[in-house]
Amino acid sequence: MSEFIKVVVDAMGGDNAPESNIKGTIDAINEADNVKVILVGLEEEINKELAKYEYNKEQIEVVNATENISCNEPPVMAIRRKKDSSIVVGMKLVKEGKADAFLSAGSTGAVLVGGQLIVGRIKGIDRPPLAPVIPTKKGVSLLLDCGANVDARSNHLLQFAKMGTAYMEGVIGIDKPKVAIVNIGVEEEKGNMLVKETYPLLSNCPDINFVGSIEARDIPNGDVDIIVCEAFVGNVILKLYEGVASTLISEIKKGLTSTFKSKIGALLCKPALKETVKKFDVEKYGGAPMLGLNNLVVKTHGSSTANEIKNAIFQCIQFNEEDIQRKIQDKISNND
């Protein structure tokens, strides 16, 4: 192809780097001929891993970066001091227009700081949120913010709702997605000061389909498409969500293999269980985009498998094809 969508992958980021990141890249380019992946990191290690695969050489480029930012380093200091880290080098490629998106399973803090300091915010955006898609009984919902802004104000949450609407319409394909704010009850008068200040802003915004408050216990039902909150609440919801899902699956497996009779039953219900569990597999939705930046930055789990990296690359492709950056800008510029 003459024109590729260019995605930078932090080859050294994450618990399973560089193996899973490179395997995911290979799987992605084997399924999509319109993407070129720029692998950033230790060139020698990347090339050694690439040598294991057959692939279209035009679709992969390697850019050397000699440093790596660990998860226990202060993010701001690391971004400023480690100029030759895979995160900094990769984000600069995006900032300079040499790539369309950046993807990393590395330090969340460094990705968030680098996104704002290097890639930069869209004009009019006050606080870019981290916005993962979470599985529900009816499909998926977008949770924002889940980690970027623990001290958000009401106008920030309003922007989150607008950006989330543009994302869910363009990437997930939901027309007029329902927006709700996390609260301790569904009544309008309930909530802390932030919720009480934000509620009327959301209610009076013509650019979103606001349906009121949602309690945390109702999130898995999937009755709303966009869940708005500040990052402290969002991160607690996300981590509890993942923890409960993991524990339930583990306990179900244990129960199904505890006796001879249960093992027989497990064999009979295995196909149905696999389909049910698959619905709640977050890997197939890619990573969490950092919405509101000049170009796309996506953060995947630190323990990302090759499948999650592959799907996150597809997510970057769709984000670009649907011109989500422009749609977010349009949402923010309305009523400013």
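Me: Which residues of α6 meet which ones in α10?
Reply: From α6 it's Tyr 167, Gly 170 and Val 171, and they meet Gln 315, Gln 318 and Phe 319 in α10. Contact here means heavy atoms within 4.5 Å. Helices are DSSP runs of H or I with at least four residues, strands are E runs of at least two, and both are numbered from the N terminus.

Me: Before we go on, what are the ground rules for this model?
Reply: This is a predicted model, where local features need pLDDT of at least 70 and side-chain atom pairs count only at pLDDT 80 or more, while totals for chains, interfaces and linings use all residues. Residues are numbered from 1 along each chain as its sequence is written, and side-chain values use heavy atoms, with hydrogens and water left out.

Me: Thanks! Back to α6 and α10: at what angle do they cross?
Reply: The axes of α6 (residues 154-172) and α10 (residues 306-321) cross at roughly 105° and come within 9 Å. That makes α6 roughly perpendicular to α10. The axes are lines fitted to C-alpha atoms, for helices over the stretch in contact, with angles from 0 to 180 degrees between N-to-C directions. Under 35 degrees counts as roughly parallel, over 145 as roughly antiparallel, 65 to 115 as roughly perpendicular and the rest as oblique.

Me: And what kinds of residues make up that contact?
Reply: The contact of α6 with α10 has three nonpolar residues, three polar and no charged. In that scheme Ala, Val, Leu, Ile, Met, Phe, Trp, Tyr, Cys and Pro are nonpolar, Asp, Glu, Lys and Arg are charged, and the others, Gly among them, are polar.

Me: Zooming out, how many helices and strands are there?
Reply: The protein chain has 11 helices and 11 strands. Its radius of gyration is 21 Å, close to the 20 Å that the globule rule gives for 336 residues, so the chain is as compact as a globular protein of that length. That radius is taken over C-alpha atoms, and the rule is 2.2 Å times the number of residues to the power 0.38.

Me: What share of the residues is buried?
Reply: Buried residues make up 50% of the 336 in the chain. Buried means under 20% relative accessible area, exposed is over 50%, and partly exposed is in between (1.4 Å probe, protein chains only).

Me: Which helix is mostly covered?
Reply: Helix α4 (residues 86-95) is, with eight of its 10 residues buried. Among them are Ile 87, Val 88, Met 91 and Leu 93. After α4 comes Gly 97, whose phi is positive, near 80°.

Me: New topic: which peptide bonds are cis?
Reply: One of them runs from Ala 17 to Pro 18, with omega near -5°, and Pro 18 is in the loop between β1 (5-10) and α1 (19-31). Another runs from Leu 144 to Asp 145, with omega near 15°. Asp 145 belongs to the loop between β6 (139-144) and α6.

Me: Last one: where is Lys 239?
Reply: Lys 239 is in helix α8 (residues 231-256). With a relative accessible area of 49%, Lys 239 is partly exposed. Lys 239 and Cys 146 are 93 residues apart in sequence, and their C-alpha atoms are 9.4 Å apart in space.
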